[in-house]
Amino acid sequence: MKNKLLAFLFLICFCLPCFCQQTVDDAFLTSLTTKYAGMPSELIYLQTSKGIYETGEDLWFKAYQLNAQSLGLSDQSKTLYLQMVSSKDSVVWQEKYPVENGIASGHVYIDEKLSEGNYYLEAYSRHSFYNDTTGILSSRKVKVVKNIAHDNQQSDSVKEGRLRFDVFPEGGNLVSGLPSRVVFKAINGKGYPVEIKGVLYQGDISVTRFESSHDGMGVFFFTPGSGGKYRIELDNGDSYSLPEIYPQGMTFGLSRQSEKYLEFFISQTESLPDQEVYLLGQIRGMICCVAKGRLKDRLKIKMPLSEFPYQGIAEFTLFNGNMQPVAERLVYVNPEKKLHIKIEPNKKTYAIREKATLKIKVTDENGTPLKTNLDISVFDKAYNNPADPVNILSHCYLSSQIRGKIHNPAYYFDEENKDRLQSLDLLLLTQGWRRYIWNIADTGSNGDMFLPDEIVGIQSIGSKKKEKESKGTEQLIQVSGAEGNSMFVWTDSTGHFTIGTDRMKELRGGYVYLKPMLSKEFKSDLVVTDYFLVIDSLRKSRPSCYPIMDLSQTTKEQVLDMPVVSNDSTILLDEVVVTRKARKSFRDKFMGRLDSLAQMDLNTVWVCGTCGLLLNYKQGYNGHHEVNTCPAKSMTRPIDGHTYRIAKYEHFASNGNGTPFRVIDVQDVVYHAPQFSEEELLQMNNLWRTKGYYAAREFYQPDEIDRQLSTPDARNTLLWAPSVVTDE
């Protein structure tokens with residue numbers, strides 16, 4: 001009788017140098033290093049103060065910038081690029097924020113003119129967003145409504161579209177004569193799961209009956225034979241063929257998972273010669289362990305979970321003796337390695353406007369207290385968005401690790417769901433399924449970094465008279481912030497300059513303005529790249545993989561039968577239409593000052609301090625030469641929006657007894673100052689501008705006096721604390 005099982009294999013950790021020399025050549029190691037070096041080294045998770053916002057509110061957010069491997073806070077990147085994008089892919093907000101010790105926080109203004117619907121906050125940093133088209137975006141969905149009382153939480157119908165049914169053999173392929181586990185998944189045209197039942201037939205013979213167990217996914221076992229065609233018939237009448245069944249080959253699967261180890265089972269066709277195989281285990285690009293053994297017909301390999309330092313999706317790849325990948329399996333490991341957060345209020349009930357105190361404690365899986373950076377939000381439950389199933393666990397451990405839309409990823413991290421780990425394994429065997437085609441010799445970089453933390457630019461100078469003098473010399477540039485504060489930077493001999501993140505923090509407030517400090521005979525030109533344009537060009541070429549949630553059976557329409565109160569504690573009516581003249585667009589202090597200076601320098605309109613006439617405002621109404629014996633001893637600048645009198649005069653032949661002027665028309669006019677566009681103001685002052693760090697603001701907290709007021713408390717968010725740090 002043939003020996004079907006070899007002894008359990010020895011395990012060699014990747015860190016031992018003897019392993020590298022004896023079992024894996026340098027080319028293999030180099031290829032793996034190159035493969036993962038080209039991947040982003042940071043992952044960003046966005047947390048917002050709530051899920052639904054009304055127009056005119058501030059959206060408060062916190063960005064966790066995490067190491068892509070350990071998922072600990074990372075301080076590699078210093079600048080966060082943030083965009084808010086509508087469901088129609090139009091950008092409605094884009095600003096930059098400073099990152100401090102892996103944390104960025106701030107606010108986004110939800111403009112009153114925004115249409116209702118879903119919007120996506122998308123975050124990018126130097127080490128998280130590369131110039132390829134395959135990466136997964138770090139995004140967060142928020143819902144915008146005009147009035148929360150009129151919001152309908154019901155989702156659209158999810159029964160539309162043709163059924164899509166796919167089968168996924170564990171490890172990659174079906175091989176004749178070798179037992180196989182086959183996982184299946186059924187979704188509709190919108191990507192929502194569909195529960196199904198069906199039968200596997202070989203010819204006209206029923207082999208096994210199956211049905212889905214979670215979100216349209218399920219599993220069945222069978223041993224494919226060499227004769228007869230296999231097909232699947234669902235109870236709805238649809239029929240599908242199985243993937244190709246190979247006459248000989250190798251299968252690879254997980255046979256057992258315990259708290260201490262994973263046991264894999266490898267089989268190959270009996271006619272194949274014995275061969276050495278290697279099983280490599282890694283998690284998020286970190287190679288944790290490799291096992292080596294000789295495969296005859298059947299082989300078991302145990303991989304200790306102690307070699308995997310973190311929770312998450314582990315990738316196990318089977319290589320043949322030539323170090324060619326032949327099969328792969330994703331397994332979720334160490335789900336118990338997580339934080340436990342306990343929040344205790346000092347009372348169970350509170351009176352209106354009474355101050356509440358919360359006690360927060362964070363421990364690891366062993367009950368050891370940990371120093372942790374948390375954000376805490378307390379808001380009205382009506383502003384929770386059940387259509388957004390994302391949390392920090394599902395995003396970091398799942399959604400950012402596998403491609404495609406995941407239905408309700410939070411389900412797999414809720415311990416109340418007893419089947420969550422079995423269901424998660426089905427997800428990894430379907431959505432994380434791979435038939436391995438990676439070529440070791442071709443593992444180039446996925447992309448390159450292109451986002452700078454700093455503001456970088458180049459200045460070119462031209463001069464007809466002193467062209468030679470302007471080349472190869474350092475030049476001074478004045479850098480001003482939105483508040484008018486300024487500093488200076490030098491270009492190098494080639495005209496390149498950099499405004500570092502420390503200086504950007506000092507100038508924080510929105511735009512940064514640049515002015516070359518050159519004499520008039522020099523003509524300068526500054527080029528500062530708008531990297532948001534580059535981000536948009538790459539973002540639009542990437543598929544959207546944001547998780548989805550079916551609310552049709554989980555929520556009911558919520559009716560808020562209560563008055564709606566505004567931020568100033570007044571009760572709002574259902575709808576009020578107000579028409580008015582358009583306001584002048586908001587300008588920061590620096591641009592507003594330039595506007596005032598331009599009006600003073602270029603505006604010749606003035607008001608006579610003696611007779612009060614407005615002069616030089618309308619053509620033909622400019623005369624003021626001793627009319628009516630007015631001495632015109634003083635003049636002042638007119639005030640925008642005020643009403644003034646203008647007069648038109650006519651010259652006539654005087655008989656020597658009076659002035660040669662007479663009034664022929666008098667009018668009252670409303671004075672409007674000349675309007676300059678921001679582009680005109682910049683050009684007039686030889687200025688350039690670019691995005692700096694967006695202005696910081698504190699979340700409002702009522703003081704003792706506010707808490708004693710009798711007016712209603714209109715806040716729907718009582719607390720937003722983006723940085724709560726527990727002690728040791």
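Buried means under 20% relative accessible area, exposed means over 50%, and partly exposed lies in between (1.4 Å probe, protein chains only). The legends below describe a predicted model, in which local features need pLDDT of at least 70 and side-chain atom pairs count only at pLDDT 80 or more, while totals for chains, interfaces and linings use all residues. Residues are numbered from 1 along each chain as its sequence is written, and side-chain values use heavy atoms, with hydrogens and water left out.

**View 1. A nonpolar surface patch that includes isoleucine 343.** Leu339, Ile341, Ile343, Leu358, Val378 and Leu718 make a patch of about 480 Å². Such patches consist of residues with over 30% relative accessible area and no salt bridge, like charges being joined within 9 Å and nonpolar side chains (Val, Leu, Ile, Met, Phe, Trp, Tyr) within 5 Å. Accessible areas come from the Shrake-Rupley method with a 1.4 Å probe; for residues, only the protein chains shown count as cover. Isoleucine 343 belongs to strand E26 (residues 340–345); helices (H or I, at least four residues) and strands (E, at least two) are DSSP runs, numbered from the N terminus. Isoleucine 343 is partly exposed because its relative accessibility is 45%.

**View 2. The salt bridge between lysine 691 and glutamate 95.** A salt bridge is a side-chain nitrogen of Lys or Arg within 4 Å of a carboxyl oxygen of Asp or Glu. The closest N and O atoms of lysine 691 and glutamate 95 are 2.9 Å apart. Lysine 691 lies in strand E40 (residues 688–691) and glutamate 95 in strand E6 (residues 91–98), so the pair ties together parts that are 596 residues apart in sequence. Lysine 691 is buried at 17% relative accessible area, and glutamate 95 is buried at 10%.

View 3. A network of salt bridges links Asp89, Glu122, Asp536 and Arg539.

**View 4. Glycine 481 in a loop.** Glycine 481 lies between strand E30 (476–480) and strand E31 (486–490). With a relative accessible area of 0%, glycine 481 is buried. Residues up to four places away in sequence aside, glycine 481 touches Leu507, Tyr511, Tyr513 and Phe590, where contact means heavy atoms within 4.5 Å.
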